[in-house]
Amino acid sequence: MRLSSAFLQRYPHQLSGGEKQCVGIARALATSPKFIVCDEVVSALDVSVQAYVLNVLADLRDRLSVAYLFISHDLSVIAHIADRVAVMFRGAIVEEGPVDAVLRPPWHPYTEALLSAIPGLERGAGVQRIRLRGDAVEQGAQGRGCRFQHRCPRKLGAICETETPPVLQAGPGHTIACHIPIQARAA
Ligand code: SF4
């Protein structure tokens, strides 16, 4: 993790946030795992420290042949490190595919909104900031239709309230769960 041996003598309160994350990752790597779950591993860090930790993780991935499952609310972090991405809304995958495909249209409406919130992320021309209505936490239990229906800016109508969205093939290895036909989306 690019920490010198001097860190062996330090206590946690003597480490910065980024250094603590590096120690935590080093501890996870100590058993030579083939697979590590990285749950919001850089979310508490400054952007510059985030980039440092992500670069170290990418380097270790290539040198040690270790695989990561990255969990993040920040798609720019995922774009930086992932090969494949699954976008989840309220516990279900709504879009999945190679990261390059998911970052470009066609998108699930939720992916589109997430991407629109990231300043500076290349996502094609003409994409405006999308503010979702309502609050996901307040929607409560929902039995039928699309689980994104209460917040979707592209909701079609009754079909979204009554029928579970089909999983559509948007490209090689790229799927979108939505009633909007792939051909009708931005290309
Ligand atoms: S199925 Fe309907 S509500 Fe759900 S994401 Fe697609 S358009 Fe929006």
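How many residue pairs are in polar contact across the interface of domain 1 and domain 2? The legends below approach this interface step by step, and the answer is given in the third view.

**View 1. The two domains of the predicted model.** This is a predicted model, and the protein in it is divided into domain 1, residues 1–82, and domain 2, residues 83–187. The C-alpha centres of domain 1 and domain 2 are 29 Å apart.

**View 2. The interface between domain 1 and domain 2.** Seven residues on the side of domain 1 are in contact with ten residues of domain 2, and the two domains bury about 630 Å² between them, with 79% of that area on carbon and sulfur atoms. Within domain 1, the residues that lose the most area to domain 2 are Leu75, Ala79 and Ala82, which together make up 72% of what that side buries.

**View 3. Polar and charged pairing across the interface.** Between domain 1 and domain 2 the rule finds zero residue pairs in polar contact, where both residues must be at pLDDT 80 or more, and the count of salt bridges between these domains is likewise zero. The side of domain 1 that touches domain 2 consists, by class, of five nonpolar residues, one polar residue and one charged residue.

**View 4. Confidence along the chain.** The protein has an average pLDDT of 88, and 91% of its residues score at least 70. Among the helices and strands, confidence is highest in strand S6, residues 174–177, at a mean of 98, and lowest in helix H3, residues 75–81, at a mean of 88. Where pLDDT is low, the predicted coordinates should not be read in detail.

Conventions: Residues are numbered from 1 along each chain as its sequence is written. This is a predicted model: local features need pLDDT of at least 70, side-chain atom pairs count only at pLDDT 80 or more; totals for chains, interfaces and linings use all residues. Side-chain values use heavy atoms; hydrogens and water are left out. Domain bounds come from an automatic or database domain assignment. Contact means heavy atoms within 4.5 Å. Buried area is the accessible area (1.4 Å probe) that two parts lose on being put together, summed over both. A salt bridge is a side-chain nitrogen of Lys or Arg within 4 Å of a carboxyl oxygen of Asp or Glu. A polar contact is a pair of N or O atoms within 3.5 Å; within protein, one must be able to donate a hydrogen and the other to accept it, and residues adjacent in sequence count only if both atoms are side-chain atoms. Ala, Val, Leu, Ile, Met, Phe, Trp, Tyr, Cys and Pro count as nonpolar, Asp, Glu, Lys and Arg as charged, and the others, Gly among them, as polar. pLDDT is the predictor's confidence in each residue, from 0 to 100. Helices (H or I, at least four residues) and strands (E, at least two) are DSSP runs, numbered from the N terminus.
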